[in-house]
Amino acid sequence: RVPSTAELIVSSLTTLLELDIDYVSTEAAICMKDLVRKYPDQFQRASGAVERCMRIVAEPEGKCAILWILGEYGLLIEDAPYLLEPMIDGFCEEPSGAVRLEMLTAAVKLFFCRPPEMQDMLGRALEKAIESTAHPDVRDRALMYYRLLEHSPEEARRVICAPKEVVEEFQEEMDQEQLDRIFEEFNTLSIVYKQPASRYAVSKAATFIMQKMAPPPLTGQEEEFGGGDLGYGGASNGLAVSSSPMEPAPLLDEVSAPPPTSSSDLLGGADLLGEGFDSPAPGPAPVAQSSPASDLLGMDDLLGGEPAMPSAPAAAQPFSLAHGAAMDGAGFEARWSQLPTQPQQQRQARPVAVTIGAVEEACRQKGIYVIASGAIPQSQALKFFFYARQASGPPPPMPGETWFLVELVLAPGSSATSTVKADNAHPDAVARFQSALWESLYAYV
């Protein structure tokens, strides 16, 4: 709640992490995880205590917190893969399903950061989770990761390591009474707006009450057979039932759908269990040959059989940025002050040497041009303002050009935060532009 005290609190938590007391280190690890989610630039001060803490913490919640830190900040922890390896070797002996789930996620995230060290370990973890685990959630998570990696490592990285929005507040900081009211309306927009429905929804027809229409009385024959469409299939027997008493049913010769020829398909589709009684069984589908790159982790075919190639998705409209786009400083400032801000995105920054010129050139190759840049005083962070113009992709809502404006704060070894504003842009175009921005910064995040 008081950002200026973050550094002091991290130092205190680091001291607690180094104590040889199980329950103290466990609670300190949980608090540290929440703290670095909100203040990621403070993690470097606590990275040295993680190795010692892993040997002490035994409670499942503490283990999950340490594993989350390993997965998120694996670039900053020098021995992160080797800290995770003993836990992977004892994967099947771990009694907590939550710890095994977090272990899988940490292994996959570390694989994307440090593939040479993690390739064999990740293969062993997935193999144990799929073949030797009875826990359904753990097995399903491992299958999902395995199939994502088999389909496309880049797509898997985009899904699993998606940029995280900056944490502004935790739910525990909200007023308890308001929090209880919101959770009473859990399956509504109240969760998104963080407000009870009475504060954002106004109904002008509050006195209108919907009543369910009573069904018509059953005839003697319908009562004998249990009524309705249970014995005859409703409208599929040649009679159309109107959904409203004011709407007459069509005549028999106006019904366009012919009656079914078999009672085995009452729902109008193929046999749901694959046991067609009256129709011949279809021939076996041809099995597509797997590509040589499909065995990414050296596990052969973990699922028992050659994987079938997925059907080709519909071709998405290609997205590209215009090279040579130009915008002056006054135009940038005018747009920046008027346009709404998209949700901030944040990624972990690699601990590598970064120069302003190198970042500008990496973005320029993608069609993203700098309007201003410089170093933030009294810190190692760099700040950039970029702009770009869409050349092709999702059409804009209004006629005219589509522009993207970006504020990027890059702190090497800590985090990279982007703030995007879009002018006359389709939501899909905004998402694709953000992906293009992070791709151009791949060497630094």
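Start by selecting S418 along with Q344, Q345, V406, E407, L408, L437 and W438: leaving aside neighbours within four places in sequence, those are the residues S418 is in contact with (contact means heavy atoms within 4.5 Å). S418 sits in strand β6, residues 415-423 (strands are DSSP E runs of at least two residues, helices H or I runs of at least four, both numbered from the N terminus). Its relative accessible area is 2%, so S418 is buried (buried is under 20%, exposed over 50%, partly exposed in between, with a 1.4 Å probe and protein chains only).

A word on what you're viewing: this is a predicted model, where local features need pLDDT of at least 70 and side-chain atom pairs count only at pLDDT 80 or more, while totals for chains, interfaces and linings use all residues. Numbering runs from 1 along each chain as its sequence is written, and side-chain values use heavy atoms, with hydrogens and water left out.

Next, pick N424, in the loop between β6 and α16 (427-440). It isn't a glycine, yet its phi is positive, about 60°. At 17% relative accessibility, N424 counts as buried.

Now jump to Q378, in the loop between β3 (369-375) and β4 (382-392). Here's another non-glycine residue with a positive phi, near 60°. Buried or exposed, at 87% relative accessibility? Q378 counts as exposed.
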